[in-house]
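Dear colleague,

I am passing on the structure we spoke of, and below it I set out what was found. Please read the notes with the structure open beside them.

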Amino acid sequence: MLKRIFINRLDEKRLLFAATLILAGGLWLAYKALLDRNTVSPVLPAVILAFSFWLTHFILCIKDCRGDQLILPLVFFLSGIGWIEVFRLEPALMMKQFYWILLGLAVFVSWILLYRDYRWIEEFKYFSLLLAVILQVLVMIFGVEINNARLWFKFGSVYFQPIEVVKILLVFFLAGYLRQYKELLGSVPGQRRTFLNIKYLAPLILMLGASLLILVYQKDMGMALLLFGTFLTLLYIATRRLDYILGGLSFFAAGAFLCSKLFYHVRVRVDMWLNPWQDLYDRGYQITQSLYAIASGGLFGTGLGLGSPGYIPAVHTDFVFASICEELGFLGGAAIILFYIFLIGRAFSSALKAKDEFGQLLGAGLAIILALQSFIIIAGVTRLIPMTGITMPFVSYGGSSLLANFFMCAILMQISDGASR
Amino acid sequence: MKERISKTAQFFMFLFVLLILYLSYLQFVKAPSITAHATNPRLIERLSKRGGIYDRRGENLARTLKIKGEFKRDYPLGEKISAVVGYDDIIYGESGMEKALDPYLKYPGIPMDPLLVKRILEAGKWAGYDAYLTIDARLQKAAFDSLENRRGAVVVMDPTDGAILAMASSPSYNPEYLDKDWQKLTGDASSPLLDRAINGLYPPGSTFKLYTLTAALESGKEELSDEFSCSGYLDIGNYRIHEAEGHVHGKVNLTGALVYSCNVAFAQIAMKTGKSDFLKFQREFFLTEDFGFDLPVTPANFPPEETLTETGLAQSGFGQGEILVTPLHMAMITSAIANKGTLMKPHLVKVIKNSLGDIVMQEEARVLSKPVSEGTAGIIKDMMVQAVERGTGTAARISGIKVAGKTGTAENPHGVTHAWFVAFAPADNPKIVVCVIIENSGYGGAVAAPVARKILVEALKK
């Protein structure tokens, strides 16, 4: 057993080691810079966090897991950076985020230990769909409203966003359904290629239409964009039909245009994207503050803890990337994007290596969610696309998002583990 | 299908590369025009003046002047008030209220209200918040001057609301010459950078009898009619307690014990009160507890109950032994007795205003605790009045005003005794509490009482 700890997963070991050093340095800088302001020391939780990731690594070694060796170090790095940012921006939330990361890691480990295989998920595709719908309906009825949007369940002092689970459940369903019906949905021999197989497409469109409607009703534009994008991309992967994508995109564009005419909150987002300076002190405030922060970063940034990202409202959730750009500069911001490229690259490569089609679709679906979500938020914060409230995977403050992302990575580990056996 | 998965992967890689390119465009090409925008708070932060610190009447204590295009921090009262105001220095950072109020003084405070930013920009008033302290500059000057460069401290407070009216520490330093004097200041054995009023720990000597008396009367272990006989010394085990100056007080009642400051009597009072009732009041008076003062206060030192011997308890009864307090702590005990037994929370900030004059924060008078009952407070007050009229504190008498006071002459390992005096006036309607300590200078009644008197006269002058 001891031997396994030393000889298994050598790449993971080296990368974890590098990440530990870098994060320790980062925390030290932030701690030094904020010595006056923070009364609670981050040292003990930091040590526990690092130890937990190492422990996870050792468990994977002992259990002879052959899953991808880059995923765990990348997750450690991103969630570590996120935790340091929470400590730097909202010290009061540091411990909460700490517990969420530990919980996420626990979900990650126990899922891998509990299930060696992921293929059974396919059997539960309709159950996943049902569960997703139930969760969405429940949050509409019993959810609590924050900032005018009813997206959260509240348990005591803990908030939970069910959509984070719903997005994964929908990927389960889509992967299973598309695996089964992809021939029927795609080009069927003997029929014309333009034929739209309504019978098999209908459940898909209905399902998605319903969840999107709920999202529009719940004013969660970012998630709507994410789910729709994932759906279309998976559909293309399964059926080879680019016309679905094009049709879907035009449908989405028309829908977005209509929404911007019909719904005030959508129009605001678009207006503030086109010209945030027209309403500087009200609706354009957050995005202009974000741009000031990013632009003042330069190449190297001001240094951790030495900038003024606190001017951006809600900086620790949606705008954490702007804070990174200000204090760590272009190098820091680009590094974070590169880490996402690595993580998403490993997710896609796990999907590619999977021996079964369900695994390929499932892996691709999870990879797409990670990719779209990080793209939507980073592009939103930098005003490349309209800003939609959505979390930055592993980095933003927020428990449900963290748990969901750890869970997704656990499944990706299973897929890559299965592929190399 | 794998082919399409890898196409999708490539598509996303392309998107992210695009994102990096766009980010570099934003941070290098577009950055100058974005950061130069007139509403960028970072720009405003750099261009705007640090807020001022004022006394309760608006007299300037610290301000930022623009000399030849450069900001310079100016301290009109110089060394007289550096114990309160502290410094704001590019090299040495901040201390005192400059540090405590830094988030307010620095423009514009985080998080800020967008509409307020708009109003400030429109009015062209780019400056930090202004802080108005409870300090009375006139009294502060009098307090500092009365120390006459001797090592010591003065605390003046209003017992009815806890407002600190003056807080002086000597020797002091002038924050304007910090750079020039730093080597000298840090090397000086008399520690001019130490704020003695809140960070200097001293044996309280006989001023602490106010505490002992409170504990004894409140716990019901002593009564006003109790009598003691003093032969000038008292043997406890192998240890002999002496009366100061070889006095023999003979037969004294409780009042006489305080008025003539009889150590033998107070040693017995402390022992009769017992350890736990005696030590309990350190928390009631917030001597060892943090009470959220604007500046960091060094907690008083009390022996733990487990290790406190009978001799130690007897010594503690007259403020010797292991007990160490700061001048602010003695002012708090006196203030509670003056204010009918209710201790008001000492505070230094009166109100904070933004550059437009809007009130941002206002400190209300708050009750910290009620360590003494009204009856006991009245009894102790009467004794203190007699101590000034016919006892050890006659040097503090003011004609036409009833003064209540208590002397202290604290033995210490550094040589000559520390002179203490705590007082309040007018005794029947107290407006001012004064606490004076002058290190290694002799007797409290002879050295500290006249200083306290001078400050009381100044404070009660119409």
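A nonpolar core is here a set of buried Ala, Val, Leu, Ile, Met, Phe, Trp, Tyr and Cys residues joined through C-beta atoms within 7 Å, and a residue is buried if 20 or more other C-beta atoms, placed from the backbone, lie within 10 Å of its own. This is a predicted model, in which local features need pLDDT of at least 70 and side-chain atom pairs count only at pLDDT 80 or more, whereas totals for chains, interfaces and linings use all residues. Residues are numbered from 1 along each chain as its sequence is written, and chains are lettered from A in the order in which they are written.

In the largest nonpolar core, which has 136 residues, A:Leu234, A:Phe321, A:Leu366 and A:Ala367 touch the most other members, and α14(A) supplies the largest share, 17 residues. A second, separate core of 125 residues includes B:Leu105 and B:Leu456.

Turning to the interface, the contact (C-beta atoms within 7 Å) takes 42 residues from chain A and 34 residues from chain B. On the side of chain A that touches chain B, α13(A) gives the most, with 12 residues.

Helix α13 of chain A (residues 320-353) packs against helix α1 of chain B (residues 2-29) at an angle of about 180°, with the axes 10 Å apart; helices are DSSP runs of H or I, at least four residues long, and axes are lines fitted to C-alpha atoms over the stretch in contact. The two helices are therefore roughly antiparallel, a term for angles over 145 degrees.

With kind regards

Note on methods. Axes are lines fitted to C-alpha atoms, for helices over the stretch in contact, and angles run from 0 to 180 degrees between N-to-C directions. Angles under 35 degrees count as roughly parallel, over 145 as roughly antiparallel, 65 to 115 as roughly perpendicular and the rest as oblique. Two residues are in contact if their C-beta atoms, placed from the backbone, lie within 7 Å. A residue is buried if 20 or more other C-beta atoms lie within 10 Å of its own, exposed if 12 or fewer, and partly exposed in between; C-beta atoms are placed from the backbone.
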